[in-house]
Amino acid sequence: MTVPLILALWIVPHSFLCAEQTEPELAYAQDGLANSILMAVPSRLASFEKPYAELTSKQRVERKVFGLRMQSLHPAIWGVRFKDRTENRNLVAMRPYYLRISEHQNFYVSKISTSFKFDPIQLRRMKSDPTSSTPLLDIGIGGSYEGASSYELPEVDSEYVIRVSPSPHFKSGIYYRSFENYLHLVSFEKEIKPAEDYSLSIEVKGKRVTVSINGAQVATYLAPTNVDRGLIALRTAWHPLSFSQLSVEGSEERKGKWYPVKRSGMVLNG
Amino acid sequence: MGRVSYYIQGAVLLLLSLMLFSLPAPFLLKEGSASSLWVVVLFLILVGFVKLLIGFSRSLLDQRSLGELFPWLTLVFCSSTFCLSYFNLAVSYRWLVLMHCAIVFCLFVVSWCMETRYLRYSSLVCLLFTCCLIASTEQVLNAVPENRLIRSIRKMPVLAPPDRSFKFYESNKFRGKYPCVDCGNESIRIFTMGGSATYGTPMHSGEQTFAAYLERLLSERRLNEKYEVFNAGIPGHGITQIYNVIKEKIIHLKPDIIAINCWFNDSSSGMSWYGLPDKTDWEAYKQNYVLWKLQENPVFSFFYNTRLMGLFRHYLLGLKSFFVGAAAKEEKAKEKSKPFIRVPTDQYKEILEEIVQLGKKHNFVPVFMLEPVNRTGTKENALKHNRYYRVIEKVAEENKVPVVSALDQLHARNMGWLFYDFIHPNGDGHRIIAEELYDTLFSSESELLQQHLERRGVDRTLAKVESAFRFHYEPARVSEGLKLSLAAPFLGDMKRDLLVQVNRGKPVSLGPLSSQAKDYLVAAELLESNRPLGQLEFRAAVPAELPANAQVGKSQLFSPVQISMLSAGKDVGWGVRIAVAGTRVDLNYRSYNVAVLDSVTGDVKRVERFDTFGYEHEASKLITFLEDLRGVQYSGAAPLVLIAVKTDGSEHVDKARLGEILKKFGGTGVLPERFESFLFVGSPSMAQGEAIEQVGLKKLELEIGSEALSSSGLLHLAQVPETLKPIR
């Protein structure tokens, strides 16, 4: 009895360890799906691979335009829906960015973490000018999107949203979004302020979502269905904020084996 | 030698010089340039002038009448003026040339006033001679190579640059469409006008603008009425430009309704559209309008565009710079840099009123829209803070013009993402604006609009109908089921059931539809959901018996919806269209446009495009897509696949592989050659040869089923239950 037990204790963790060691390199290049709702990974990625100082002015614009306000993202890791396609202009449009690998049915997210800081802004300005002075960050998980065409209403467009905002017009918390309707589920126990550093951590396990800010748990929610699978989205409003250490961790099952996955996709400017 | 001989010699030498000037010069009028030919000419002129002078002196000595010499003096001065200009010496001494011209003029006037017939005639001859010299100067200047001329003489600048809106329409049309000018008056034409928010910046495609959505809504809901909607928005446009475009262009396109969605650009500070920094748009427009009309005048244009005019302008500019000092220039530059509003509210009001008057004169109805800004709040709140909104409301009230406001609807979805930035709506935002515009068109109390639509045969009493209704509901709030009252006013003799689909489950019949309002109950068990917000869709079921014209090819499959398709290769129209139940669904892309339908319900499940002409990898993506479809089922049946080619479906395509795949969808392996049109309707459930295939070097069109199949415009919901929230 002891010997099989010892063997089991040795074999089971070992098999997991082996799987962790054999993640294919450059897996992100394969994240794109053949029938993706996202625009294809561009063939030219030089603007995002080279250091910022070596880029031409045109390349710098190309880099800045793809991403959130003041934070560029790598197009091979994050994508934009076909319906949100914009012209190639010097305009950083507010639109959601989806983690490409989250489109895969076999990808399960376990943790999303980032440090962020909203640019300074006064309370009275946030109150009086929500148009352009709303600091807001949305992270979507467990998203579903099924659309017939790029310009008709999709059949399904829903997700759970972790919303962070110091604006008096928006409560920070966990919401359920379906199309443009938001249902408030849980509020955070912490007030968010502009011009302060925060580290946000979202842990997802099956149906449970736990949100921590600066190491302290601020909310937890038990969803009716699993939320560890589905589209992961990032959105910000017009007011700038800065990110660092963005990371999405999870695992993907391929041919019966589980591989840990970690993606960032942050591209530094300057 | 007699003095007369001196005159004659002088005149001959001058005439000879003139003839030499007519030759194309190897160079001309670049400061500092010279050649031996010009030196010779100059010498000849100098000698001629000296001889004339000698003759004149001798006249004086002979005490002849000075008046006799005036014509010759006039001639001398005319000649010398233009001679100097040829040498470009005058360019450096512009004031000297003008002085010469002034003396010539004075000589003419004096000789005319001397009341001596001989003198008058001779001065008239001199004047005519001067005109000939002018004409010959123009000829000489035209003969000079352009790179030899000073820039300011090469071409006269336009008095006022044309409004660039018209060039924009030439290259972009109305976001890809252009109204048929010679067609009859059948369709009701609606033009949407405004700035970038109307145009659809920064969206890549115009299909998500509120103009495009409005057209789709009108085609779905307004049976037996034809509408065309054109997006005349141009980024940067303000109300002044809109007025100008309406006046110069839109009125010739037979508009019925012009929806004006603009205030933000007018309220902005900065350079005006017309590039006149010290004027508002309206002031600049009024100034430019006169100059535009002048430029269009052929006589003015003929004289203005001569090189001689360029020469005079060059001299005048030199004079101006001589007199306008540096200090004045600096002050003017400071004036330019002061920020100003493009169109202040008083001028904005004036322009709106002008547009209303244009509408009365040219028989169209202006509809004013309160251009929304991101997260702007309710209409009531916005009116308190926005002066332009107040002006719009006031002018609309005074002139009985309808006003469209999507502010409340957008505010109700304030949590969501309806804008790309502070002013440009995204597709979802545009959709909401389109709904509000639609509602206003058919429910506004504006007499102007009502009367116009009545004249155009629009029945405003028609019930508001939809193809389907979609709602969100909270499961906790519908624990005892859901009741709603619904009618199908245009059902006629058709027999159709009302279906409800909850959270995309299997559709359930709630009973037959009736042309009168009828109550339907959705059972509580159906509404159980594992989501915080559930989704409901109501629509009419497909008819139980499908007509013969709905048969697809030679198969046993009948399309449950009306399908119309069009394909045109490069040389036969360059177009594509796939419409299902009257609504266009294709992405209007080059090469392969594919739509996948549920063959039982007719729902459009997938729409894709594959630009095989442009990209090699797209061809393999198309093949992969079709291969994957073979294993897919919707409503328990194989899907219906519609393929239409635009421009070309041959380049980069592996014909052997694609042909084989299409055979498995009922095709025969036929594929288009270079620039041929191609239409295909098939299904994995069909045997080879049963599908519909059309190919050729001509425009291809195809229709399956008829409007009777369509669910468009069937359902009317008088009141939305409180527990439901519409999905828009």
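Residues are numbered from 1 along each chain as its sequence is written, and chains are lettered from A, with ligands numbered from 1, in the order in which they are written. In this predicted model, local features need pLDDT of at least 70, side-chain atom pairs count only at pLDDT 80 or more, and totals for chains, interfaces and linings use all residues, while side-chain values use heavy atoms, with hydrogens and water left out.

**Exercise 1. Determine which salt bridges E155(A) forms, and whether its partners are buried or exposed.**

Step 1. A salt bridge is defined as a side-chain nitrogen of Lys or Arg within 4 Å of a carboxyl oxygen of Asp or Glu. The side chain of E155(A) meets that of R504(B) at 3.0 Å, N to O.

Step 2. R504(B) lies in the loop between β8 (497-502) and β9 (508-512) of chain B, and E155(A) in the loop between β6 (137-146) and β7 (156-164) of chain A, so this pair joins two chains. Helices (H or I, at least four residues) and strands (E, at least two) are DSSP runs, numbered from the N terminus.

Step 3. E155(A) also meets K605(B) in a salt bridge, at 3.5 Å, N to O.

Step 4. Buried means under 20% relative accessible area, exposed over 50%, and partly exposed in between (1.4 Å probe, protein chains only). E155(A) counts as buried at 18%, K605(B) is buried as well, and R504(B) is partly exposed at 35%.

**Exercise 2. Describe how β11(A) pairs with β10(A) and β12(A), and locate the partners of T210(A).**

Step 1. Strands pair if DSSP finds at least two bridges between them. Strand β10 (residues 198-205) of chain A pairs with β11(A) in the antiparallel sense over six bridges, and six bridges also link β11(A) to strand β12 (residues 216-222) of chain A, again antiparallel.

Step 2. T210(A) in β11(A) stands opposite E203(A), and its bridge partner in β12(A) is T220(A).

Step 3. Two residues separate the strands in the hairpin of β10(A) and β11(A), where G206(A) takes a positive phi near 65°. The hairpin of β11(A) and β12(A) likewise has two residues between its strands, and there N214(A) takes a positive phi near 55°.

Step 4. Five of the six residues of β11 (residues 208-213) of chain A are buried, so the strand is largely enclosed by the rest of the structure.

**Exercise 3. State how many cavities of 30 Å³ or more the structure holds, and which residues are the closest to the centre of the largest.**

Step 1. On a 1 Å grid over the protein atoms alone, a cavity is a set of points where a 1.4 Å probe fits but cannot get out; lining residues have an atom within 4 Å of a point. The search finds eight cavities of that size.

Step 2. Of its 15 lining residues, the closest to its centre are R81(A), P96(A), W417(B), N426(B) and D428(B).

**Exercise 4. Identify the residues that make a nonpolar surface patch of about 360 Å².**

Step 1. Patches are made of residues with over 30% relative accessible area and no salt bridge; nonpolar side chains (Val, Leu, Ile, Met, Phe, Trp, Tyr) are joined within 5 Å, like charges within 9 Å. Here the residues are V299(B), F302(B) and F303(B).

Step 2. F302(B) is found in helix α14 (residues 298-304) of chain B and is exposed, with a relative accessible area of 58%.

Methods
Areas by Shrake-Rupley, 256 points an atom, 1.4 Å probe, with all protein chains shown as cover. 1 Å grid on protein atoms, 1.4 Å probe; cavity = no way out; pocket = protein on both sides within 12 Å on 5 of 7 lines; lining within 4 Å. Points joined across faces, edges and corners; volume = space filled by probe spheres on them.
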